[in-house]
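Subject: Structure handover

Hi,

Here is the structure I promised to pass on.

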Amino acid sequence: ATIRRTEPTAGSGDSARRFGTQRVLVEPDAASGVAVMKFKNPPVNSLSLELLTEFIISLEKLENDKTFRGVILTSDCPRVFSAGLDLTEMCGKNPAHYAEYWKAVQELWLRLYLSNLVLIAAINGACPAGGCLISLTCDYRILADNPKYLIGLNETLLGIVAPFWFKDTLVNTIGHRASEQALQLGLLFLPAEALQVGLVDQVVPEDQVLSTALSVMARWMAIPDHARQLTKNMMRKTTVDRLVKQRDADIQNFVSFISRDSIQKSLQMYLEKLKQKKG
Ligand SMILES: CC/C=C/CC(=O)SCCNC(=O)CCNC(=O)[C@H](O)C(C)(C)COP(=O)(O)OP(=O)(O)OC[C@H]1O[C@@H](n2cnc3c(N)ncnc32)[C@H](O)[C@@H]1OP(=O)(O)O
């Protein structure tokens, strides 16, 4: 994927010069040191291999540019933050593809979870599974107050199992008992429930998600970077190391699990159900 620059928005000078790739729009504001990163993979921002790759490239570009200290993750697609991992990447393919895909999923989580940037999820749509995982890697989560915008790790509803590092990320956020129940039941929480269980930090009216994220960002950026980054690392490194130490084994586990006929069947059925839903 190539990083493309687009024209600055009117009257905003260089600091609003946007860049990004086909599926990840980046709206940087050098003056504030904050960039807004928008997923743009219609219709539901499913995390395809291309989107994962472009996401990693854009994140790395922002992390390497010392102008930026904070990134707000949000969606350019209406009603959906992200539908999670792209199911078409996990069924009907071959083991080599599953391995390549899973490596990219690991890579994105590793980079987000230990990022030195302040990451705030401005969740402006449905946020199941992999979309929920991305929001969990952030330092703070704001969810639009819309009963259609459910959030949670619902993998068991598809007949699959969230890997241990998805589980660890959820446990680090809402605790062990709440995670145990949420993961086994594949719970998708309403905004008020998500707030109550601690899955999100704030629920605000839909048209205030981005402005709220910007004001929360200002609060986080008022903390000296180095102290905040060392503290974040202290909180999260043990969790990250658990995957780093066994990345290849994790890939092999995923490939053998997802390749099972029974799993392939349930994924196909689930995709069919999604398509019938519209019929
Ligand atoms: C061990 C592996 C761990 C996995 C973690 C994962 O992330 S697995 C993925 C789990 N994701 C889900 O369960 C979410 C499924 N999608 C939905 O619930 C709805 O699509 C959603 C996000 C609520 C949006 O609903 P809406 O009514 O707006 O869209 P619709 O369902 O009609 O979908 C539009 C088209 O997108 C296709 N699609 C939806 N989700 C995915 C997906 N995750 N991967 C691939 N494709 C997806 C859907 O089939 C529709 O396709 P179309 O050809 O237009 O009919």
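Val34, Val36 and Lys38 point one way from strand E4, while Ala35, Met37 and Phe39 point the other way, and all are buried. Buried here means under 20% relative accessible area, with exposed being over 50% and partly exposed in between (1.4 Å probe, protein chains only). E4 covers residues 34–39 and is mostly covered, with six of its six residues buried. For the labels, helices (H or I, at least four residues) and strands (E, at least two) are DSSP runs, numbered from the N terminus.

Before you dig in: this is a predicted model, where local features need pLDDT of at least 70, side-chain atom pairs count only at pLDDT 80 or more, and totals for chains, interfaces and linings use all residues. Residues are numbered from 1 along each chain as its sequence is written, and side-chain values use heavy atoms, with hydrogens and water left out.

**What E4 pairs with**

On one side there is strand E3 (residues 24–29), which runs antiparallel to E4 and is joined to E4 by six bridges. Two strands pair if DSSP finds at least two bridges between them. Leu25 stands opposite Lys38 in this pairing. E3 and E4 form a hairpin with four residues between them, and Gly33 in that turn has a positive phi of about 75°.

E4 also pairs with strand E5 (residues 70–75), this time in the parallel sense and over six bridges. Here Met37 has Leu73 of E5 as its bridge partner.

**Around the E4–H1 loop**

Asn41 lies in the loop between E4 and H1. With 13% relative accessibility, Asn41 counts as buried. A polar atom of its side chain lies 2.8 Å from the backbone oxygen of Ser46. Polar contacts are pairs of N or O atoms within 3.5 Å; within protein, one must be able to donate a hydrogen and the other to accept it, and residues adjacent in sequence count only if both atoms are side-chain atoms. Not counting residues up to four places away in sequence, Asn41 touches Arg23, Ser46, Ser48, Leu51 and Cys77, where contact means heavy atoms within 4.5 Å. Asp76 is 35 residues from Asn41 in sequence, yet their C-alpha atoms are 8.2 Å apart.

Leu51 is in H1 and counts as buried at 0% relative accessibility. Beyond four places in sequence, Leu51 touches Arg23, Val24, Asn41, Asn45 and Ser46. From Leu51 to Thr21 it is 30 residues in sequence and 9.2 Å from C-alpha to C-alpha. Thr21 sits in the loop between strand E2 (19–20) and E3, and is buried with a relative accessible area of 4%. The side chains of Thr21 and Glu54 are joined by a polar contact of 2.5 Å.

A backbone N or O atom of Gly130 lies 2.9 Å from a ligand oxygen, and a polar side-chain atom of Lys275 lies 3.1 Å from an oxygen of the ligand. Taken alone the ligand exposes 1,000 Å², and the protein buries 82% of that (Shrake-Rupley areas, 1.4 Å probe; for residues, only the protein chains shown count as cover).

Thr137 belongs to H3, and a polar atom of its side chain lies 2.6 Å from the backbone oxygen of Ile134. Its contacts beyond four places in sequence include Trp109, Tyr113 and Arg236.

Leu199 lies in the loop between helix H6 (191–197) and strand E10 (202–204), and counts as buried at 1% relative accessibility.

Cheers
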